[in-house]
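Thanks for coming. Please have a look at it first.

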Amino acid sequence: MDMQTIITKLALQGFKSFNRRVSIPFLPGFNALAGPNGSGKSNILDAVAFVLGRTSAKSLRADRLHELIFHGSNGKKPADFASVTLTFDNSKKVFPVEDDELS
């Protein structure tokens, strides 16, 4: 029985370099993150690791956990909080809830 869990979306706000709310869809099949150096590719992977339970600041490329909150840049004010939401397709009921989507 194939019991794979599929991530359908990642939403971030105030996390590392993502000040404003950003929603990143993950389509069925292969997905790739591409962009120039400093565009936030690694921060997206850090966000996934963080929401799945990694709490070591060092493993998330920060000295302290409060550094995960956007600290302001180029005249933009620092964020008051950081939010990361990972959404899973639960249509195959991998998770024991009735909803077809789980965040």
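Start with Ile7, which lies in strand β1; strands here are DSSP runs of E, at least two residues long, and helices are runs of H or I of at least four, numbered from the N terminus. Before going further: this is a predicted model, in which local features need pLDDT of at least 70 and side-chain atom pairs count only at pLDDT 80 or more, while totals for chains, interfaces and linings use all residues. Residues are numbered from 1 along each chain as its sequence is written, and side-chain values use heavy atoms, with hydrogens and water left out.

Is Ile7 buried, partly exposed or exposed? Ile7 counts as partly exposed because its relative accessibility is 27%; buried means under 20% relative accessible area, exposed means over 50%, and partly exposed is in between, with a 1.4 Å probe and protein chains only. Setting aside neighbours within four places in sequence, Ile7 is in contact with Phe26, Leu86, Thr87 and Phe88, where contact means heavy atoms within 4.5 Å. Phe26 is 19 residues from Ile7 in sequence, yet the two C-alpha atoms are 6.6 Å apart.

Now the sheet. It is open, with four strands in the order β2-β1-β3-β4 and antiparallel pairing; two strands pair if DSSP finds at least two bridges between them. The edges are β2 (22–25) and β4 (101–102), each of which pairs on one side only. Going through the pairs, β1 (residues 6–13) and β2 are antiparallel over four bridges, and Leu10 stands opposite Ile24 in β2. Between β1 and β3 there are seven bridges, again antiparallel, with Leu12 opposite Val84 in β3. β3 and β4 are joined by two bridges, and Asp89 has Glu101 in β4 as its bridge partner.

Next, the helix. In chain order the elements run β-β-α-β-β, that is, one helix and four strands. In α1, the buried residues are Asn43, Ile44, Asp46, Ala47 and Val48. What do they pack against? The buried residues of α1 pack against β1, β2 and β3. As a reminder, an α-helix has 3.6 residues a turn, so residues three or four places apart point the same way. Just after α1, Gly53 takes a positive phi of about 120°.

Then the largest pocket. A pocket, on a 1 Å grid over the protein atoms alone, is an open set of points where a 1.4 Å probe fits, with protein on both sides within 12 Å along at least five of seven lines; lining residues have an atom within 4 Å of a point. The lining of the largest pocket includes Ser17, Phe18, Asn19, Arg20 and Val22, and also Phe70 and Lys76. By class, this lining has three nonpolar, five polar and two charged residues; Ala, Val, Leu, Ile, Met, Phe, Trp, Tyr, Cys and Pro count as nonpolar, Asp, Glu, Lys and Arg as charged, and the others, Gly among them, as polar.

Last, the chain as a whole. Its C-alpha trace spans about 50 × 25 × 25 Å along the principal axes. Of its 103 residues, 26% count as buried. Among contacts between residues at least 6 apart in sequence, 48% join residues at least 24 apart.
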